Amino acid sequence: MDYTPDNPFQLVERILRKIQTKLILVELHAEATSEKLAMGRMLDGQVSAVWGTHTHVQTADERVNPKGTGYITDLGMTGPYHSVLGVRIEQSIAMFRGDLTEYFKTAPGDCAVSGAVFDIERGGKCVSVERVWKEYKVR
């Protein structure tokens, strides 16, 4: 794309001025929930859906904002759920203690898929959002 790193709130406004479609999906990779919430509110009625990523922890705040934009603060992650963000628990604790001696390893065990399903009409308005969480047993 022809954009350089910039303030995402200003950048999305510039991008939207150039788009001629009614179905617009926005993913915001951000740490703070306040950034994601503010983006969802700012874009309400201008885009079909806004969702956040990065924290790997699914939020339970799925909604359709007043002007028809679907929203969830964080989709969550897909991977082992007896873990710390997919990493072996003991390794994550060692990292925070300053004792990590090896590269992260994926945690073993049962996994989950998380996300959201946005029901969007032809005109681009979202009519419903359903949070998805499905566990899978490892055999």
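Modeller: The second largest pocket is lined by 14 residues, and His 56, Val 57, Met 77, Tyr 81 and Trp 133 lie nearest its centre. A pocket here is an open set of points on a 1 Å grid over the protein atoms alone, where a 1.4 Å probe fits, with protein on both sides within 12 Å along at least five of seven lines; lining residues have an atom within 4 Å of a point.

Biologist: What kind of model is this, and how are residues numbered?

Modeller: This is a predicted model, in which local features need pLDDT of at least 70, side-chain atom pairs count only at pLDDT 80 or more, and totals for chains, interfaces and linings use all residues. Residues are numbered from 1 along each chain as its sequence is written, and side-chain values use heavy atoms, with hydrogens and water left out.

Biologist: Which strands supply at least two residues each to the lining of the second largest pocket?

Modeller: Strand 5 (79-80) and strand 6 (111-120) do. Strands (E, at least two residues) and helices (H or I, at least four) are DSSP runs, numbered from the N terminus.

Biologist: How do strand 5 and strand 6 pair?

Modeller: They pair in the antiparallel sense over two bridges; two strands pair if DSSP finds at least two bridges between them. Gly 79 stands opposite Ala 112 in strand 6.

Biologist: What is the strand order in the open sheet?

Modeller: The order is 5-6-7, with antiparallel pairing. Strand 5 and strand 7 (126-136) are at the edges with a single partner strand each, so one side of each has no neighbour in the sheet.

Biologist: Back to His 56. Where is His 56 found?

Modeller: His 56 is in the loop between strand 2 (49-53) and strand 3 (63-64). His 56 has a positive phi of about 70° although it is not a glycine. With a relative accessible area of 34%, His 56 is partly exposed; buried means under 20%, exposed over 50%, and partly exposed in between (1.4 Å probe, protein chains only).

Biologist: New topic: which residues line the largest pocket?

Modeller: Among them are Pro 8, Leu 11, Val 12, Glu 27 and Met 39. The largest share, five residues, comes from helix 1.

Biologist: How many of its lining residues are nonpolar, polar or charged?

Modeller: The lining of the largest pocket has eleven nonpolar, no polar and one charged residues. Ala, Val, Leu, Ile, Met, Phe, Trp, Tyr, Cys and Pro count as nonpolar, Asp, Glu, Lys and Arg as charged, and the others, Gly among them, as polar.
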